[in-house]
Amino acid sequence: MKTGVLVHGFHLQAENWESIIWGLPPNLLGRAPKGVLVALEEKAEILVFGTGASEKDGKKEAEYIRDYLLEHFDKLAEFSAFRDIDLVSAKKIIEEITRVEIRSQNTAQEIELAGEMFEEVGVEKIILVSSPVHILKCLRDTMAIWGGRDITARPSQTSWADVSGVVIIEPSHRPDQPKLNLHSFVKKLMKMPKEEQEEIIKKALAQ
């Protein structure tokens with residue numbers, strides 16, 4: 001079974017970018033090292049670095065993350081998870097299978113475009129890598145776009161917030177729940193302009 005790994009991008013101007021993407025040695029893997037580890041363990045055919053709306057030094061998120069990873073590859077030895085891995089051989093493998101997706105502007109587009117790359121090489125198993133607070137959204141979007149495939153999620157070990165702060169709103173399915181699904185309201189809210197979102201939230205919190 002051919003495997004493809006998608007490492008989700010992260011805004012390049014985020015204050016905690018390095019800890020999210022690289023991690024905190026020796027035990028907390030960021031997205032890039034986690035993606036490398038998963039790709040090596042699964043003998044992946046392709047490792048895709050996704051992008052988003054940010055740029056730095058003329059590079060899209062995916063390009064910047066890939067270059068950062070390859071430039072610091074020998075420092076993976078600082079992580080206990082790579083203690084028994086030959087990093088010289090590993091780097092050659094990662095360089096051969098890595099591709100960057102540089103067109104997307106959000107998570108859904110990132111998944112769709114990475115999926116097209118997976119299809120080109122006949123990937124049957126998709127593994128997502130992102131931060132714990134983001135991975136559930138990635139999994140939800142991937143199931144919606146590429147449902148029917150073998151899809152799994154492997155979270156990294158660093159986040160910009162505690163995962164307990166993530167709220168999951170399922171469509172109602174019980175007779176004692178309101179017929180007006182809260183998830184529909186939240187989806188509509190997220191599509192509103194920032195000013196309208198803030199006004200609605202302020203009014204809701206004031207009640």
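Author: Let us start with the names of elements: helices (H or I, at least four residues) and strands (E, at least two) are DSSP runs, numbered from the N terminus. In those terms, P25 is placed in the loop between β2 (23-24) and β3 (28-29). The model is a predicted one, in which local features need pLDDT of at least 70 and side-chain atom pairs count only at pLDDT 80 or more, while totals for chains, interfaces and linings use all residues. Residues are numbered from 1 along each chain as its sequence is written, and side-chain values use heavy atoms, with hydrogens and water left out.

Reader: Why is P25 called partly exposed?

Author: Buried means under 20% relative accessible area, exposed means over 50%, and partly exposed lies in between (1.4 Å probe, protein chains only). P25 has a relative accessible area of 37%, so P25 is partly exposed.

Reader: What is P25 in contact with, leaving aside its neighbours within four places in sequence?

Author: Contact means heavy atoms within 4.5 Å, and with those neighbours set aside P25 is in contact with E78 and F79. The peptide bond from P25 to P26 is cis, with omega near 10°, and P26 is also found in the loop between β2 and β3. For comparison, most residues other than glycine have a negative phi, and most peptide bonds are trans.

Reader: What makes K43 and D57 count as exposed?

Author: K43, in the loop between α2 and β4, has 68% relative accessibility and therefore counts as exposed. D57, which lies in the loop between β5 (55-56) and β6 (59-60), counts as exposed because its relative accessibility is 64%. Each is a residue other than glycine with a positive phi, near 50° for K43 and near 55° for D57.

Reader: Is C138 buried or exposed, and how do you know?

Author: C138, placed in helix α6, has a relative accessible area of 0%, and therefore C138 is buried. Not counting residues up to four places away in sequence, C138 touches H8, T107, I111, L128 and S130.

Reader: Why is α2 called roughly perpendicular to α4?

Author: The axes of α2 and α4 come within 11 Å and cross at roughly 95°, and this angle makes α2 roughly perpendicular to α4. At their contact, V36, A39 and L40 in α2 meet A90, I93, I94 and I97 in α4.

Reader: Which residues touch the most other members of the largest nonpolar core?

Author: A nonpolar core is a set of buried Ala, Val, Leu, Ile, Met, Phe, Trp, Tyr and Cys residues joined through side-chain atoms within 4.5 Å. Of the 33 residues in the largest such core, V5 and I94 touch the most other members, and the largest share of this core, 6 residues, comes from α2.

Definitions and conventions:
Axes are lines fitted to C-alpha atoms, for helices over the stretch in contact, and angles run from 0 to 180 degrees between N-to-C directions. Angles under 35 degrees count as roughly parallel, over 145 as roughly antiparallel, 65 to 115 as roughly perpendicular and the rest as oblique.
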